Amino acid sequence: MLSTALRTLRARWVTFVGSFVALSLGVALIAVMGLALASSLDAPERPPERFAAARVVVKGADTLRVPTSVGDRVQRLAHPRAVPDEVVGKLRRLGTVVEDRSFAVRIRGGPADVQARNGSVTAQVRDGSTTAQARDGSTTAQVGRGPGGLVGHPWSTAAFAPYRVDAGHAPRAADEVVVTGDWAAPGTRVRTDRGTVRVVGTVAGPGFENAVFYTDRRAAELSPHSTQLVVDADPAAVREAVRGSAGVRVLTGDARRFADADPDRDREALTAMNAMFGTAAGVTGFVSVFVVASTFAFAVAQRRREFGLLRTAGATPGQLRRMVVAEALVVGVLASATGCALGAYGASVPAAWAVDEGLAPRWFTIGDEIWPYHMAFWTGLLVALCGVVAASWRAGRTGPAEALREASADTRALTRGRRLCGLALLLTAAVTLALALVTDPGELLHRKTYVSRPMLLITAVALLAPVLVRPLTRLLAWLPARLPGAGGMLVRENAAAGVRRTAAVAAPVLVTVALAGSLLGATATLNEAKATEARERTAADFVVTPADGAGFDAATLRKIRDVPGAEVSGSEASGPGAPGTEGPGTELPGTEVSGTEVSGTEVSGAQASGADVPRAQVPGTDVSVTSSTAVYVLEDGTALVKSEARAAHPGPLAATTRLPLTAGKVSDLDDGSIIVNEEWEKHSVGELVDVWLGDGTKKSLRIAAVMATGTGGNGVYITPRNASGATVDRVDVSLTDRLDKADGAHEADGTHQADGTHEADGGDKAAAGAVAAVADVADGLREAVRASGGHVHTKDQWVRASYPQTNRTTRLGFLLVLGIALLYTGISLANTMVMATSDRVRDLAVLRLAGATKGQVLRLVGAEALMVVAVGGVLGLLVAGLNLTGMWSALGILSVWTSVKIPWTALGAVVAACAVLAVVSSVVPAALALRHRAVEQAAVRE
């Protein structure tokens, strides 16, 4: 059998080259993804950065540790605690103590709004320019754009990195700073959200931060809350001093890296990249296996006439199977080895891409692991053998005469085994979908679920494709078949007669369209659902947010309070420990914001329609000030779950936000209660639930209300007194009721003249005055947050600005998956088309002998290729539609009714690319074959 297999390989080299290409590329993909995945499993420990020269760092409690029956469960606190005062007192008796502080610094007007001073000349650099020049005769001073992500520190901590002054001197006054890098020279004045400062010195940039150093006193004013400090004392004595202080850690040696900002960023980046490459490996592995199995099965199906002749000559079914397996073994070993070599060469490409896109640390490279090569090699060989064994089994069971008869046309569209497998997979997909909708519909919204579910349906539809091909081709070719000429009819009949060939060639198109539609459609539908939630929940007319996600300081909140028509009264605005407050837990006089309405406020200077408008009052303005925080709950006795939370006062919250409640009332929220969602293990109104607050404080709270689960982002709500350390990061202002009253006054007071025109009187003026007053409120809010870089949005602007975007890692991961899938399936499509066209040389010659011209034959071949792509596109769209319907049903059950988003642009681009490849890959081989005389081609032997 081996010698027969080798001779067959030599005789049918086109078919086996096609199988070899498909398998080697598939193995290469598996090897590349395996190597990338293996290299992202672990990260080296990053050495200390800011405190590399510090002797000892003492860090306040920043983690929550809860003992359970299966060990301690740990979560990072949303609001780390400061080192207790009594501990600080003990440490000061041991040696010098330096309090560390870190706070965001934003350059006003943009990252380049700096002033360059040369003598008496000052030039200001505005947004959109990279440099600015100050000219005084022949004198020019030039300043570059300031870096983003500036972070402020006290100057006394600079020695622990260590930083050393390159130019200038250390800061001595409150308006003096030292900066890292060379973006601002000494003498430069910089306008920041912390005030205008003068650069008096520079230090070399270390690469891990863009720092701005203030005097210690000024840094303490800007950031009163300190969670860690440096102690110049013996480590053993320091440990003894902090003994008994829960959560306080003493960091020495390499452990000092935990005092740096985001010390685990490399590990977290690799974790995200591991998930991305894991998803890519799973999808590309499936695509590789799917295409390779389909290609090998098609290669065997092409040889039914040959098998029939061998059976007629006396070959047994077992001999046929052994011959086919031997052929697959030879091709599989050679192709798998080639694929491993290609994978070793190409693995650096996705690694370099991940680094360039910022997904991986700069040091990330492909490691020297061996197991990905073993996995890829044996997977490729196994898939090749399985693909031919399944196809050859039917050939071995077919009688000689029947095999010769079936070689001309596919009389049986589907074997019993293939039908059973396809139906079983289809039933499995339906049952698992129904179970998920009944038990846990939220599971269908998770990335792992909507990435893996399409594979089940793709395989099921591909197995059942021969049954669907004939009616589908007749439907698609219904109109072309009725046009003048025989071309449309021939396309329809050729595709319908060779259902196995059509199904095999359509398989790459099916998998690409299905994956693109399912993955991109799922993320778009989920984003639209989240936007729908945001739109339905926002009742405020204005939403005020700080710059870059930072919190509002007390000065900005005072300005918001002073805006005419938007006075804020009733309770604390800043929350305990807000930046710029007098200290943790203190309230700022005049900044109480929640709970009540503001009445009798006059707004002057407004005009409408060019006429004088009387001063309008805006009574009952509702203002809600909220903060981001978190709560932790132990579920099932073993899982410590973190839930994102917002701290708000119930009265203003109810007036400015429409929460999706399923039970209870917002007004029932108080300092002893919590609003949860249905995802929580306990979610009955009145039930007590033990939680840990954002600073680690344990508290038992009563459930005041329950929200629908939605897309999973509803979180929980607590009062500000249960959010110690949280800073205000959103202010909602509602004026809608006042506008409605103005509209009512307009309708009640308006009169009509005899000619039917409407006479504007007091009602018109009141309505115009209310509109002008609202505009004044908006202008006042913008002016209040201008210095801090805050943003004022109307409701529609807020919904647009907060429209959810797919996570960058997820988006790039999907682009990686779809890019690889499109590239591989495109090559496979071209490969399969060449195999199919080369097998039809005699058919094309017969058409020439029947009177068709070369041009007519080539147009027919191109039209058949387009028909096959259309079949694959429709089947892929069917799979994508079924997957998105399941997600839409889950969203409906979770009380989020939204539309299904199908990525038509992406699908159109994928189908167009497949169509071009298919036409070129079929027409070019056909044109080459038609160079010979038709009589010679018709007489060519198998």
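Student: Strand β18 pairs with β30 over how many bridges?
Tutor: Keep in mind that this is a predicted model. β18 covers residues 542–545. Its pairing with β30 is antiparallel, and the count of bridges is 3.

Student: Which residue in β30 stands opposite V543?
Tutor: Look along β30, residues 728–734. S624 has its bridge partner there, and that partner is D732. V543 also stands opposite a residue of β30, namely D732.

Student: Over how many bridges do β23 and β30 pair?
Tutor: β23 spans residues 622–635. It runs antiparallel to β30. The number of bridges is 6.

Student: How many of the residues of β30 are buried?
Tutor: Buried means under 20% relative accessible area. β30 is mostly covered. The count of buried residues is 7 of 7.

Student: Which residue forms a salt bridge with R646?
Tutor: R646 sits in strand β24, and its partner lies in strand β30, 83 residues apart. Both residues are buried. The closest N and O atoms are 2.5 Å apart, and the partner is D729.

Student: Is D62 buried or exposed?
Tutor: D62 forms a salt bridge with R76, with 3.7 Å between the closest N and O atoms. R76 is partly exposed, at 46% relative accessible area. D62 has 3% relative accessibility, and the cut-off for buried is under 20%, so D62 is buried.

Student: Why are E221 and R218 separated by about one helical turn?
Tutor: Their side chains meet in a salt bridge, 3.1 Å from N to O. E221 is partly exposed, at 45% relative accessibility. Both residues belong to helix α4, residues 216–222. The separation is about one turn because they are 3 residues apart.

Student: How many salt bridges does the structure hold?
Tutor: Side chains of opposite charge can pair when their charged atoms come close. Some salt bridges share partners, joining R50, D100 and E209 into one network. For the structure, the total is 16.

Notes:
Residues are numbered from 1 along each chain as its sequence is written. This is a predicted model: local features need pLDDT of at least 70, side-chain atom pairs count only at pLDDT 80 or more; totals for chains, interfaces and linings use all residues. Side-chain values use heavy atoms; hydrogens and water are left out. Buried means under 20% relative accessible area, exposed over 50%, partly exposed in between (1.4 Å probe, protein chains only). Helices (H or I, at least four residues) and strands (E, at least two) are DSSP runs, numbered from the N terminus. Two strands pair if DSSP finds at least two bridges between them. A salt bridge is a side-chain nitrogen of Lys or Arg within 4 Å of a carboxyl oxygen of Asp or Glu.
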